[in-house]
Amino acid sequence: MRAIPLTVTALAAALLLTACNDGGGGKNGKSSSACEIGGVSVQIGSASVAPAAGDTGEVPVSITNQSAPCTLDKFPGARLKTGDTAVDVPVQQGAKAQKLKLAKGDSASFTISYVRGKAGDKSSVGAKTVLISLPGSSTTRSFPWSYGPVAAKGTQGTPNASVSAFQQVGD
């Protein structure tokens, strides 16, 4: 007869512990949702422009959360658009994504690195626009690409460019 009260007590203790666990998803059991373009501001900073073909340039992109807490998990997306077509910018080789939680007002950044191509070279990507997206969403924000053509890497149409992982800005 003692087995029933122990089972009930053990079950009650397990339920209490489960109720206290937020599962690592956030405070008070509420999980943070993915950051979305509509809830954050996206800005392109002052670029370190590649002045001539073969030179490397860097374009910093900053994201500031304007709404409820959200999470950046995995890598940012960048596509170089040349009129009607767009090509994905690959992730920087060896980069490791980190999960960042952004409260309202918090910022993160990443960098698009590229090698400038030769003007008029058929293998170069003559980008006019860069489309930025956040992990887990297909929504993009468009910015002018005024840094010249991007050199090709390997096969034609693959840009010699990369996106870095997100980095927390500030404290």
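Modeller: With burial: a residue counts as buried when its relative accessible area is under 20%. Keep in mind that this is a predicted model. Trp-145 has a relative accessible area of 6%, so Trp-145 is buried.

Colleague: Is Tyr-114 buried or exposed?

Modeller: Tyr-114 is buried as well, at a relative accessible area of 1%.

Colleague: How is a pair of aromatic rings described?

Modeller: Two values are used, the distance of the centres and the angle of the planes. Rings pair if their centres lie within 6.5 Å, and planes over 60 degrees apart count as edge-to-face. By this rule there are four aromatic pairs. In one of them, the ring centres of Tyr-114 and Trp-145 are 5.2 Å apart and the planes stand at 75°, so this pair is edge-to-face.

Colleague: Which parts of the chain does the pair of Tyr-114 and Trp-145 tie together?

Modeller: Tyr-114 belongs to strand S8 (residues 107-115), while Trp-145 sits in the loop between strand S10 (140-144) and strand S11 (161-163). The pair therefore links parts that are 31 residues apart in sequence.

Colleague: What kind of pair do Trp-145 and Tyr-147 form?

Modeller: Trp-145 and Tyr-147 are edge-to-face, with 4.7 Å from centre to centre and 90° between the planes. Both of these residues are buried. Together, Tyr-114, Trp-145 and Tyr-147 make up one aromatic cluster.

Colleague: Turning to polar side chains, with which side chain does that of Ser-107 make a polar contact?

Modeller: A polar contact pairs N or O atoms within 3.5 Å. The side chain of Ser-107 makes one with the side chain of Thr-64, at 2.8 Å. Ser-107 is part of strand S8 and counts as buried, at 16% relative accessibility. Leaving aside neighbours within four places in sequence, Ser-107 is in contact with residues including Ile-63, Leu-102, Gln-168 and Val-169.

Colleague: Now a sheet. In what order do the three strands of the open sheet come?

Modeller: The order is S1-S4-S7, with mixed pairing. Strand S1 (33-34) and strand S7 (100-102) are at the edges; each has a single partner strand, so one side of each lacks a neighbour in the sheet.

Colleague: How many bridges join strand S4 to S7?

Modeller: Three bridges connect strand S4 (residues 70-72) with S7, and the two run antiparallel. Within this pairing, Thr-71 has Lys-101 of S7 as its bridge partner.

Definitions and conventions: Residues numbered from 1 in each chain as written. Predicted model: local features only at pLDDT ≥ 70, side-chain atom pairs only at ≥ 80, totals over all residues. Heavy atoms only, no water. Phe/Tyr/Trp six-rings, centres within 6.5 Å; stacked < 30°, edge-to-face > 60°. Helix = DSSP H or I, 4+ residues; strand = E, 2+ residues; numbered from the N terminus. Buried < 20%, exposed > 50% of the residue type's maximum accessible area, 1.4 Å probe, protein only. Polar contact = N/O pair within 3.5 Å; in protein donor to acceptor, adjacent residues only side chain to side chain. Contact = heavy atoms within 4.5 Å. Pairing = 2+ DSSP bridges.
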